[in-house]
Amino acid sequence: MKSLEEVLRDWEAVIGLEVHTELTTLTTKMFCGCELSHADEPNAHVCPVCLGLPGALPVPNREAIRSIVKAGLATGCEIEKRSMFYRKHYFYPDMAKNFQTTQGPVAFCMHGRLDLGVRGQGASELPDGAAAERAGDGSVPVTRGEDGYEVPIRILRIHMEEDAAKMNHLGGAEGRITEAAESLIDYNRCGTPLIELVTEPDLRTPEEARLFMEKLRRIFLTIGISDCSLESGSMRCDGNVSLRRKGETELGTKTELKNINSFKSLHDGLEYEIRRQAEVLEEGGTVRQETRHFEPGRKRTVVMRVKETADDYRLFPDPDLAPFDLSDGFIESCRAELPELPDAKRDRYMAAWGLRAEDAETLAGEPALAAFFEAAVAAGEPAHAQATANLVLNGVMGFWNAEGAGPAESPVSPEQVASLAALVAADAVTSAQAREVLPICAETGDDPAKIVDERGMRQVTDDDALLPVVEAVLARCPDQVRQYREGNVKVIGFLVGQCMRESKGKGNPKRFNELLRERLS
Amino acid sequence: MSLLDELSARQIASGVQAGEFSAEEVCRASLDAIASRDAELHACLQVLEELALAKARELDRDRAAGRALPPLAGVPLAVKDNMNLIGSRTTCGSRMLEDYESPYTATCVQRMLDAGCLPIAKTNMDEFAFGSSTETSHFGKTANPWDAERVPGGSSGGSAAAVAAGEVTLALGSDTGGSIRQPAAFCGVVGLKPTYGAVSRYGVVAFGSSLDQVGPFGRRVEDVALAMNALLGEGHDPMDATSQDCPVDFLEHLEDPVEGLRVGIIADFIDAEGLSGEVRSAVLGAAEALADQGAELVDVSLPNVADSISAYYVIGPCEAFSNLARFDGVRYGYQEPGCATLAEQSAKSRAHGFGAEAKRRQMLGAYLLSSGVYERYYHKAQKARTLITKSYERAFEEVDVLLLPSSPRTAFKFGEISDPTQMYLSDMFTISSNIAGNGSVSVPLGLGEDSGLPVAVQLQGPAFKDRRLLTFARAVERGFEAEGRVAPAFAGKGGEL
């Protein structure tokens, strides 16, 4: 198969996403009062309504409607004041009524938009020149910058529906019902409030799809509607992808990609699928409309199900649920409950504290992380925002990972991080040393300044102490001095290293570097 | 010594309260009436002796403890077998649910029990309420108490017959296209279909969710009014998103005069093709009785109402297809043994669990909802529904009540109507108020001059004006001698109190 880069030189990949998010922060199911909990023993949280017993009727969960309206407001959607629930019929025991309650042509949220900033290596997936062609499909054009590009991705809709039960097929080779000796059904999940977001087919590279999902996850986490775990399945994503020759406007036949449980899988699954389709098409074959399953271990997709005819779900308005008439007051009260969204937070970090865009974006993305970071900046006197950001991103997060902790239950306090960042900013410790100090902070609870002093880690920045070291090193290394003067400036690294050794690691490398350059110029 | 079938609900409740007889004695009288009468009638699918006696004893204990008893204390109640009641089966007249026991009780049944009713029996019905004769029940036919060769009407035929034969004092039925009013007319009892949303549907096995409404049968308008107090008294049911909060005292204005009120007569209905002469003259007699009491008769028209049957036979089957999809034999209900795959099991369980009419309606619904077809029929039916509803609203700007037949004719013989589409026309006068959702009631007018069988008039009121509807029903009742009457073949057979 050709590489992605080669394929995208000749072909345009058209990608759309369908993202299902369980509203895990609610306490009850969508249409009944059963507790939302998947962890308990199977069928612990069921009632006549979610079991679809004869005579049972649905009553909508008002809090779930609040959540979807917030999701819509946070993604630039128009909130439809009048919308309805529909019944979507299919015979399968994971849905006790043999229909799923979902929405029809008009969803609670319609026509939204997320702006992606595609930077760095990932930006190169989109070939140069693709920007201009892209405006033709109705989406807003790409704007290229120095380090990447900005592209708006349109959201078609976000609708509300109920999740199905979990099935466990035993005794079959592939975990499917057809081969299974026994199939067990756990209705705990049945009736879980679920929102489905559908994008327009505006995405063009696997990287864009990955960034879209990441951004969406950050937004949903920030507004607090879900724990958004791809791993556990509380956030699930299907990717639709088709290829067309560059310059074509007609869409090719698409395949649907399932079983994506990480951002990497989304990227790699789409990449494989784009390359596979290109191979099929270039060999004169045709792409079949089918659902494909991504196997992360083997980095490939395999056919799950061929769709020869469109399923007829016999959708019609649910007569048990009156149409919703959302009032302006209700919508405004949802808006008022929205916290600062990641983009606004990122912009604030950049404007107020001069943070680098990428750092600001990462820190603003996770609510708990942002809260920790802001607490650390606030604790600093004076505040060292960028130094704090560097320390959090390149030190504290790694420490959390190693400890199995996170910002919400951090073993180091924001005050300790603030104090440590101040030491880094003052060149009193190096970043590498700061990383070593973190576990000691956690263990002792002491102020980092005390730890650094007690352990003799504080770096010497006083020129009076550093200059003799520099002189001694220069005298000892005439070869390197000559090489530097002949233009091999890289050799300065060696000289700094010698100074560090000479000072037993206590001299400040940055200042050594500066002093060496001064003396050699 | 008196006969249970001669007492009104109010008399029973006050007799129990006063200690003239115990609730248990009433219960045993009702069970005795069933024992003597139901072999011939077959109105009851289950007699709930233990449940009823337990309830009766509870009331008697409450009375002994000096507690005030609820308004329907000790009144024998029969419940259509599509309503859930813990401790009984909910068969819906179908093989599919032959052994199905619900783990919860329907709100409407619970409210009747809370009002003091004794749950005496579950009654026969057309399978899943698809029918107008109770002949499609998997468990056999129910006789019309006035002529054992004839049908009791349907689909709530068992409930109507049980009341008409004096086995019980009150019964609950459900009405999707006339399933309370038509059997009430055939059996000579009062049958009310309240406004859609007045009575909770929670726990009533759905046929057409936007059309179904639960209502009471009684031999007197007053009994029906008392039942409505019980059904609506607690207001909105939080378990039914379509239920409305409309508690009113149905007794308060029951005896009000109708003088000066306007009664609408629709020429298209009075002169409808297929309307029998004896029903026509009885209905005109009812109009006259109201006029004699000072009501003003007004000619009104109901444009588009003729489209009701077409709209009904689109909307009804669509909703039925959807509502009955859950019966696949996986977790409960009839399960075909020996199947190799899930698909085979579902298909065969449904093929053998449902009867012909239930399958016919579901297949029709499945077709009507399929893509390409849906747009042509379902949308059009919904538009017709809107027009019919508006038609009613305009008519009720001019009149307080509409007067029309309940059924085009008196009870027919078993097997007499075998063409389904002819059977569907039994509901030609009742369907429109399911489409529009407003309340309507069938009131008995005695016996037809030709057939000697019960004839009835239907009164239809504006939405959520069911109390005034019963005021008119009571006015009609005053003008005829049908009040409290038990079919003579059964009157006094057992049931001594």
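Start with the largest nonpolar core, which has 248 residues. A nonpolar core is a set of buried Ala, Val, Leu, Ile, Met, Phe, Trp, Tyr and Cys residues joined through side-chain atoms within 4.5 Å, and buried means under 20% relative accessible area, with exposed over 50% and partly exposed in between (1.4 Å probe, protein chains only). Select A:Phe220 and B:Leu470, the members that touch the most others. Around B:Leu470, show its contacts (heavy atoms within 4.5 Å): not counting residues up to four places away in sequence, they are B:Leu192, B:Val221, B:Val224, B:Ala225, B:Met228, B:Phe250, B:Leu254 and B:Val441. Then pick A:Leu363, A:Leu391, A:Trp400 and A:Leu420, which belong to a second, separate core of 37 residues.

A quick note before moving on: this is a predicted model, where local features need pLDDT of at least 70, side-chain atom pairs count only at pLDDT 80 or more, and totals for chains, interfaces and linings use all residues. Residues are numbered from 1 along each chain as its sequence is written, chains are lettered from A and ligands numbered from 1 in the order in which they are written, and side-chain values use heavy atoms, leaving out hydrogens and water.

Next, select residues 23–41 of chain B, which form helix 2. Helices (H or I, at least four residues) and strands (E, at least two) are DSSP runs, numbered from the N terminus. From first C-alpha to last, helix 2 of chain B reaches 25 Å, close to the 27 Å expected (1.5 Å times one less than its number of residues). Can you find B:Ala35? A kink of about 35° is centred there; the bend is the angle between axes fitted to the seven residues ending at a residue and the seven starting there. Buried residues of this helix include B:Val26, B:Leu31 and B:Arg37, and their cover includes helix 1 (9–18) and helix 3 (49–64) of chain B.

Now go to B:Ser200, in the loop between strand 5 (190–193) and strand 6 (213–218) of chain B. Is B:Ser200 buried or exposed? At 3% relative accessibility, B:Ser200 is buried. Among the residues B:Ser200 touches are B:Thr107, B:Cys108 and B:Asp237.

Finally, look for disulfides, meaning pairs of cysteine sulfur atoms within 2.5 Å. How many are there over all chains? The count is 0. Select A:Cys34: the nearest cysteine sulfur, that of A:Cys47, is 3.7 Å away.
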